Amino acid sequence: MDIRDRVLIVEDDKSIRNFFRTVLEANNYDVIMASTGAEAYSMVTSQCPDVVLLDLGLPDMDGMKILKSVREWSAMPIIVVSARGHERDKVEALDAGADDYITKPFGTSELLARIRTAIRHARTAYLSPEGMQTGLFRSGGLTIDYDKHRVYIDGRDAGLTQNEYKLVSLLGKYAGKVLTYDYIIKEIWGPNMKNDNRILRVNMANIRRKIEKNPAKPEYIFTEVGVGYRIADPD
Amino acid sequence: MSVFKNAVRTAAILLVAALFCFWLQKIGASDAQMPLVFVVAIVCIARLTDGYAYGILASVLSVFGVNYIFTYPYFELDFTLTGYPLTFATMLAVSVSVSMLTSRVKEQEELRLEAEKEKMRGNLLRAVSHDIRTPLTSIVGSASGIIENHRVLTEAQMLELVEDIREEAQWLIQIVENLLSVTRFHGESARINKQEELAEEIIGSAVLKIEKRYPEAQIMVELPDDVLLVPMDGILIEQVLVNLLENSIRHGKNTSRIVIRVREAAGRAVFEVEDDGMGIQENILPGIFEGKHSPQEGGSDSGRNMGIGLSVCMSIVKAHRGNMKAENIDGGGARMTFWLPMEEEQADGH
């Protein structure tokens, strides 16, 4: 018998729980459920799920509180489920350590992709501990060479400036994950940089003109409006 | 407006009036003209401050001020001189009634705005109820069709019904997204949360969403070479673009190609969504953004969600202090244009 990944669903609505269970069990996941914050907390500690799907709006407790208290002792992947329009909640959750978010309403393929990415991230984080990134990142025609500090597009040097390279390699390090505007600004320009979106946007526009064929239909770096940026998954 | 701002305005206007009176005095004008200058000042104060208080305060100050400073005996209060008591009483009465009058006009203006908002809300509700009923009927029908007939239905038939349910539900989601967009700025804080966003990112994101839902759509994007940063609420403008694209696909009927264009012109960011479909019927064109037209006018399907989608677009663009227009283009197809101001409005602009 193969070992199945265990998913903990924290969701108070019965029909959405049902939907999660049906889809995930059909796709070979071991599913456990919690409908309240207290229940979720005890399951996280006793059942060691491989990934947690956490609805931010729970009846007894703010989902953010669970997220924060789990993050105090565990790096287990947590995907936050939130409604569209609540961009501030998403940013807050990502900054508090959530691995990803998914916006209600979502399709099954999107849900499964997010879960796979989150689990893969958790696994590779074990293999390559935090710190210097080495080697190559490849996604379609895009290559990031972490050793030479260069970005190539279809084999040609894209000619990025130093800050532009830093931005792309930061996204590459967390491929598949959304990085919030604030996080990126702090990482690239340091903590003293005022929350200046303009400098980030302008850099991003320049990068896009260098690496994307059509800046309005990006293939590599995607915008999550109101939240941040995400680079395509590596091949 | 804050108390501080009101007070500063009142003081500034009184000061200007006083300086003007000093100058009049210097060139030898008669004392009787001083009150008139202050009456003008008070009209200005009543017009430019909130409520009655500042106007009345200013009139009382002026009565004593003029008596004390600008009438003989100078720098002494004296109400006993012949004619003067009447002058000052008149001045006080004029000042007070002008304050009241301008305050009343302002109140009425507010009421009118409120009524307009109420009307918009009513239109929206009407459009929404109509748009929600149709898909719900279809969902309930399909679901009960499956439950009641699952023994006799073939798998293909059942799948077809379930697909209908999914499509209609997605439609409902769209409607709800639109409503939520409106609550983003009709709620507590009427002011929208503007940030400088890259036009290409917002357009890119909207196009991506539509392509996910309509994989066969052919959407071209034409961008200026320069980076275009526009102050806006990105989520809301994305919603506008999604609505316009969806309209082009669903209501253009035979749309084969959609072009989105953005450019900067005269301090505005101008967005255009152009399709080569069947265009918009002339009879619904005038009221198209008000969600007014009834579905009967244009056949069974043409009214669906068009009303609410476009009136939401208009509300969003208006909330950004921009504007929007719809037109047919020669040779078939429709063009929707909206523009947003490039300059951040002043903190207290009118």
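Predicted model: local features only at pLDDT ≥ 70, side-chain atom pairs only at ≥ 80, totals over all residues.
Me: Why is Leu167(A) called buried?

Reply: A residue counts as buried when 20 or more other C-beta atoms lie within 10 Å of its own, and Leu167(A) has 25 such neighbours inside 10 Å, so it is classed as buried. This residue sits in helix α6 of chain A, which covers residues 162-173, and beyond its neighbours up to four places away in sequence it touches Ile184(A), Ile188(A), Asn203(A) and Ile207(A). Ala118(A), by comparison, is 49 residues from Leu167(A) in sequence and 22 Å from it in space, taken from C-alpha to C-alpha.

Me: What makes β1(A) a mostly covered strand?

Reply: With the cut-off for a buried residue set at 20 or more other C-beta atoms within 10 Å, four of the five residues of β1(A) are buried, and the strand is accordingly described as mostly covered.

Me: What makes β2 and β5 of chain A the edge strands?

Reply: The open sheet has five strands in the order β2-β1-β3-β4-β5 of chain A, with parallel pairing. Strands β2 (30-34) and β5 (100-104) each pair on one side only, and they are the edge strands. From one strand to the next, the twist averages 20 degrees.

Me: Which helices lie on this sheet, and at what angles?

Reply: Helix α1 of chain A, residues 14-26, lies across β1, β2 and β3 (51-55) of chain A, and it runs at about 165 degrees to β2(A). Helix α4(A) also packs on the sheet, where it touches β4 (78-83) and β5 of chain A, and its direction makes about 170 degrees with that of β4(A). Helix α1(A) is also part of a right-handed β-α-β unit, together with β1(A) and β2(A).

Me: What makes up the contact between the two domains of chain A?

Reply: The domain assignment of chain A gives domain 1 as 6-127 and domain 2 as 136-231, and their C-alpha centres lie 27 Å apart. Nine residues from domain 1 of chain A and eight residues from domain 2 of chain A take part in the contact. On the side of domain 1, α4 (87-95) and α5 (108-127) of chain A each supply at least two residues, and α4(A) gives the most, with five residues. By class, that side of domain 1 has two nonpolar, two polar and five charged residues.

Me: How do you know that β6(B) and β7(B) pair, and what lies between them?

Reply: Strand β6 of chain B, residues 323-328, and β7(B) share six bridges in the antiparallel sense; pairing asks for at least two bridges, so these strands qualify. Within this pair, Thr337(B) in β7(B) is the bridge partner of Lys325(B). The two strands form a hairpin with five residues between them, and Gly331(B) in the turn has a positive phi of about 85 degrees. Strand β7 (residues 334-341) of chain B is also joined to strand β5 (residues 268-275) of chain B by seven bridges, in an antiparallel arrangement, with Phe338(B) in β7(B) as the bridge partner of Phe271(B).

Me: What makes up the side of chain B that touches chain A?

Reply: Here 21 residues of chain B are in contact with 17 residues of chain A. On the chain B side, the elements that give two or more residues are α5 (155-186), β1 (195-198), α6 (199-213) and α7 (234-251) of chain B, and α6(B) gives the most, with seven residues. The residues of this side divide into eleven nonpolar, four polar and six charged.

Notes
Residues numbered from 1 in each chain as written. Chains lettered and ligands numbered in written order. Buried ≥ 20, exposed ≤ 12 C-beta atoms within 10 Å, placed from the backbone. Contact = placed C-beta atoms within 7 Å. Domains from an automatic or database assignment. Nonpolar A, V, L, I, M, F, W, Y, C, P; charged D, E, K, R; others polar. Axes fitted to C-alpha atoms, helices over the stretch in contact; angles between N-to-C directions. Right-handed = clockwise from strand over helix to strand, strands pointing away.
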